[in-house]
Amino acid sequence: MRYIAPVRDAVDPQVFGRMPLAAWHEYSGLIGGRDWPSIEALNGCRPAGMHERFAAQNRELLADDQHYEQRIAERGEIATRENNWHDLFNALVWLRHPALKRALNARQMAEIVHMGTKQRSRAQYALTHFDEAGVVIALRDQALLALWDAHDWHGLFWRERAAWLDGRIQVELFGHALLEHALTPRQLLVGKALVVVGPDLSTVAALEACAQAIRAGKVLCDPLELRPLPLAGVPGWHPDNTQETFCHEAACFQPARAGRRYPAALELRDEAACAATCGRDG
């Protein structure tokens with residue numbers, strides 16, 4: 001069933017103080033106020049070095065008959081529907097993670113060259129899934145992958161609950177559809193994850209590694225590469241996950257499909273290696 005976001009006035013203000021929306025508190029003025037932010041307000045929040053601009057998606061803009069990704073690549077215009085939660089959260093992700101967004105756009109454009117604008121490749125589906133529901137995981141304890149591979153959700157979220165609190169596994173939400181779904185309290189959010197492993201790994205390094213790998217075509221070549229991650233199990237992300245039974249009973253915790261295999265995680269040995277290979281793309 002297609003998700004329909006609540007109207008702005010009907011959103012419970014408390015959701016902005018809970019994860020995952022609480023992690024976007026620097027944009028509270030854009031998402032928590034009574035009035036919708038204007039396109040000009042969004043453009044005024046762009047970080048230094050971001051040359052792309054938000055453009056109102058109206059009849060005049062759409063009259064050019066260009067593909068959404070093509071406008072970004074060729075004109076730096078991000079078509080944005082006004083008074084729309086989905087597009088507002090997309091804009092926020094652009095503001096926070098322009099390098100990742102740019103990498104996705106570059107790959108989408110490369111696929112459009114081969115496929116045209118009417119058909120979509122497996123890679124395009126993967127890129128879109130990550131754009132909508134993606135999370136980047138910085139993993140310091142590679143042993144946790146065995147639990148994840150087996151969909152041992154009780155082990156990953158309950159027996160290893162401390163790992164989510166002591167920094168051995170860190171989540172950076174990227175998908176703007178996940179943020180939109182979080183407007184409805186108690187949603188059982190499930191992300192599509194890219195995983196980076198390494199000692200003393202930070203989320204910044206993991207994000208940079210993912211951007212480089214996406215642009216180089218090393219990941220997101222098929223939707224089946226993406227690891228499902230029931231974010232509702234992360235401590236603090238759902239009120240019921242303080243109970244052990246939640247990991248057994250909640251609908252988001254699905255068993256692994258027979259024969260399903262996930263690719264190896266991206267690996268970084270240290271932060272210096274990332275700085276040397278990933279660069280600092282703002």
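# Close-up views of a predicted model

**View 1. Helices α4 and α6 cross with a left-handed sense.** The contact is made by Glu69, Gln70, Ile72 and Ala73 of α4, and by Asn105, Gln108, Met109 and Ile112 of α6. Two packed helices are described by the angle between their axes and by the distance between those axes. Here α4 (residues 68-75) and α6 (residues 98-115) pack at about 115°, and their axes are 9 Å apart. The two helices are therefore roughly perpendicular to each other. Like every view in this set, this one shows a predicted model, not an experimental structure.

**View 2. Helix α5 is largely enclosed by the rest of the structure.** How many of the twelve residues of α5 are buried? Eleven are, which is why the helix counts as largely enclosed. The buried residues are Trp85, His86, Asp87, Leu88, Phe89, Asn90, Ala91, Leu92, Val93, Trp94 and Leu95. An α-helix has 3.6 residues a turn, so residues three or four places apart point the same way.

View 3. At the start of the helix, a side-chain oxygen of Asn84 comes to within 3.1 Å of the backbone nitrogen of His86.

**View 4. The peptide bond from Met19 to Pro20 is cis.** Its omega is near 5°. Pro20 belongs to the segment before α1 (28-31). For background, most peptide bonds are trans, and most residues other than glycine have a negative phi.

**View 5. His151 has a positive phi although it is not a glycine.** The value is about 55°. His151 sits in the loop between α8 (144-149) and α9 (153-159). Is this residue buried or exposed? His151 has a relative accessible area of 12%, so it is buried, the cut-off being under 20%.

**View 6. Asp200 is another residue other than glycine with a positive phi.** Phi of Asp200 is near 55°. Where is Asp200 placed? Asp200 is found in the loop between β5 (190-197) and α11 (203-215). The relative accessible area of Asp200 is 59%, so this residue is exposed, the cut-off being over 50%.

Technical notes: Residues numbered from 1 in each chain as written. Predicted model: local features only at pLDDT ≥ 70, side-chain atom pairs only at ≥ 80, totals over all residues. Heavy atoms only, no water. Buried < 20%, exposed > 50% of the residue type's maximum accessible area, 1.4 Å probe, protein only. Helix = DSSP H or I, 4+ residues; strand = E, 2+ residues; numbered from the N terminus. Polar contact = N/O pair within 3.5 Å; in protein donor to acceptor, adjacent residues only side chain to side chain. Axes fitted to C-alpha atoms, helices over the stretch in contact; angles between N-to-C directions. Parallel < 35°, antiparallel > 145°, perpendicular 65-115°, else oblique. Left-handed = near helix turned anticlockwise from the far one by under 90°. Contact = heavy atoms within 4.5 Å.
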